[in-house]
Amino acid sequence: MRGIQCFKTAPIAGAGAFVARRVSHSGGHARRGRMKRRSRLAASLLLVCLSLSCRGRHVTPPADAAASSSSAELAPPAPDAQVTPVNVGRGTFVALAQADGGRVAFVADEDDGAVLAVDLEKNQVVARAALDAAPGQLALGPDGTVFVAVRGAARAVALRLRKDMTFRTVVTHETGDEPYGVTLSPDGATLWVTTIRGARLEGYRASDLAPTSSVGLARDPRSVLVAADGARAFVAHASGSAVSVVELSAGEPRGRTVALDMKERRRDFGMLMTGKPPPPRFVKMAPPSRVNISMTRKAQQGFGLAAIGDDVLLPDTLVLTGSARISTGYGTSEASTLDSHVPFVQRVRASDGQPTTTVFSGPDDRACFEGQRACLLPRAVAEDGARLYVACLDSDEILVVDPKADTEHAPACKKALKDRPRLSVERPTGVAVDRERGQVIAFSSFTRRLTLLSAEGGTPGVVVDLPRVGAAPSSAVAAGRKLFHETRDRRISGDGRACASCHVDGREDGLVWPTPTGARQTPMLAGRIEGTGPYGWSGEHASLPVHIKATIKNLGGKGLPDEDLERLAAYVASMRAPSRRAPLSAAAQRGRLVFESEQTECSTCHVERSRFTDGDAHALDRGSRTRFDTPSLAFVGQTAPYFHDGRYATLEALVDKCDGVMGHTKHLTEPQRADLVAFLRTL
């Protein structure tokens, strides 16, 4: 193009775009109007210059074109890849798709704070999107958009994979505190997000992540699943023995909590309680009531959901604490004899949100679930339309379950158990199923591996090692994390439970256990250890390793060497605390003044600079010799029940009834009490 000269280009700071410093045109001096027209043509003319390699100059576009915002980019970023999801909209830690003709697994990498794209043909990571905090789950939209909950930063992010195997950020939006589970509505129009600390299900428009709705949930929500007809959503809970059912079809979403408590009826309880054996099974007579005893188990460890037909299926663990309030350890003889923790799969009807099983009895009826004596720590689940694939963190396997097995007929259960495939994977935390290829893809965050297995078991799977960009945890913390989630280790407990069985996700199970010193509720660990010693409800242990040693003794464990106690202590101290984004509301600000007032004396013992504890023990009754350590109030809003023995179900009840026992609240008005509770929920 005659008369055009190309000169050096320079970046505009902060914009990520490039403009020409000077472009001259033949024809002599120009008038002001012509100069304006010429400047508008500068960008397009410069693109021509670059294509002709004017004067040998080469302009390199920004390395991360996702940061570009100018409409006059010289070298536009690579176009998006053609991504076709295998499982559209489902929340998971590993999702499958076809990307430009090849198979790709998208992985939410919590340990390294990133979303990874793994080429399953080349068996290597081909793209990485760094996040500013640890992610929760991700889900794939019908157009291949990757939606991810950034758990540690309280936001949702939409990403797209480009043809050059880089990610671009489409849009982000703030969420409630600690987003974890994500899923899309069947029409792909709404992204649903659960927030752990916020205890809510939040809706966002998938196109731009604009908020659409929000509904309160029970404690510790995790995965969310929307029924195929879009009428209701189901939310699993890590503790609390519940599933949330949210009606979506009529106006503003409405939520309800469905209890998952299970009655266990066992005639052989009678032999334990009375010393008399039960009548033979072939004798057709009603067993004596003192023999036919019913006890309640609480559902815990609800992390994943799947749907097959009209069944919403939730792998969890049923917990029996026992009936006595004083025991020789944590739990009673009934619990230890019958196993305090047993694996189970809950069933809730998608059509009406009601559980289909409320009672089970006898070891034979539990064969399909308990027979393998594994999977006390389920962390994820997938389905192939007929079977469930459960990622069992504690038992190093993907447990294959046939939901159609008749749990009331032991022979059918035992055959299903015998014939099920054996899928061995070290420490799986995520799972996906490729139905067309009959393949299971398991993610292990502990070992940083992706394992590809035949759904029918047999041959060892292909293992893809995932590189780490950020700093790795110390060897002591890594070893401690493994020990913390170790079931069936008789050095830790006599009945096979792990530390993580009661301290779910580093927190607590919300249960009250019989102990040698009386009823004691499970305390939260994550974010509550550093600077909060001494340890134990009585404050009798100066160091964390000493306290862990005593805990193992109460669990009936044979004991760990000092080196392992130190490793466990290192991991517990390193646990990631729940994040909080929301500023104090006006009510919470008023509540702070109430908390710090001389009249209530809350802050006299719960000292803010030491994580709301004074490190001392106090008698709760005048003249009593029993003294209790001041517990930290950090994250107290999510740790019901309250008091050492769990006597108060809510913070409101605690504030109303603790006058004279812990501080003074009798003089407070109802609004002041509400403000105080609002402040406590923000700690």
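Which residues are linked with E110 in a network of salt bridges? The network joins E110, R151, E178, R222, D505, R507 and R576, where a salt bridge is a side-chain nitrogen of Lys or Arg within 4 Å of a carboxyl oxygen of Asp or Glu. The structure is a predicted model, in which local features need pLDDT of at least 70 and side-chain atom pairs count only at pLDDT 80 or more, while totals for chains, interfaces and linings use all residues. Residues are numbered from 1 along each chain as its sequence is written, and side-chain values use heavy atoms, with hydrogens and water left out.

Across the whole structure, a search finds 43 salt bridges. One of them pairs R219 with D220, whose closest N and O atoms are 3.2 Å apart. Both R219 and D220 are buried; buried means under 20% relative accessible area, exposed over 50%, and partly exposed in between, with a 1.4 Å probe and protein chains only. Another salt bridge brings together the side chains of R647 and D645, at 2.9 Å from N to O. Here R647 is partly exposed, at a relative accessible area of 47%.

A further salt bridge, 3.2 Å from N to O, is formed by E652 and R681. This pair links distant parts of the chain, 29 residues apart: E652 lies in helix α13 (residues 651–657), and R681 in the segment after α14 (670–680). Helices (H or I, at least four residues) and strands (E, at least two) are DSSP runs, numbered from the N terminus. E652 is partly exposed, with a relative accessible area of 36%, and for R681 the value is 36%.

Helix α14 also meets helix α11 (residues 586–596): their axes come within 7 Å and cross at roughly 100 degrees. Axes are lines fitted to C-alpha atoms, for helices over the stretch in contact, and angles run from 0 to 180 degrees between N-to-C directions.

An open sheet consists of 5 strands in the order β3-β4-β5-β6-β7, with antiparallel pairing; two strands pair if DSSP finds at least two bridges between them. At the edges stand β3 (83–85) and β7 (124–130), each pairing on one side only. From one strand to the next, the twist averages 30 degrees. Strand β6 (residues 114–119) runs antiparallel to β7 and is joined to it by 6 bridges. A114 stands opposite A130 in β7.
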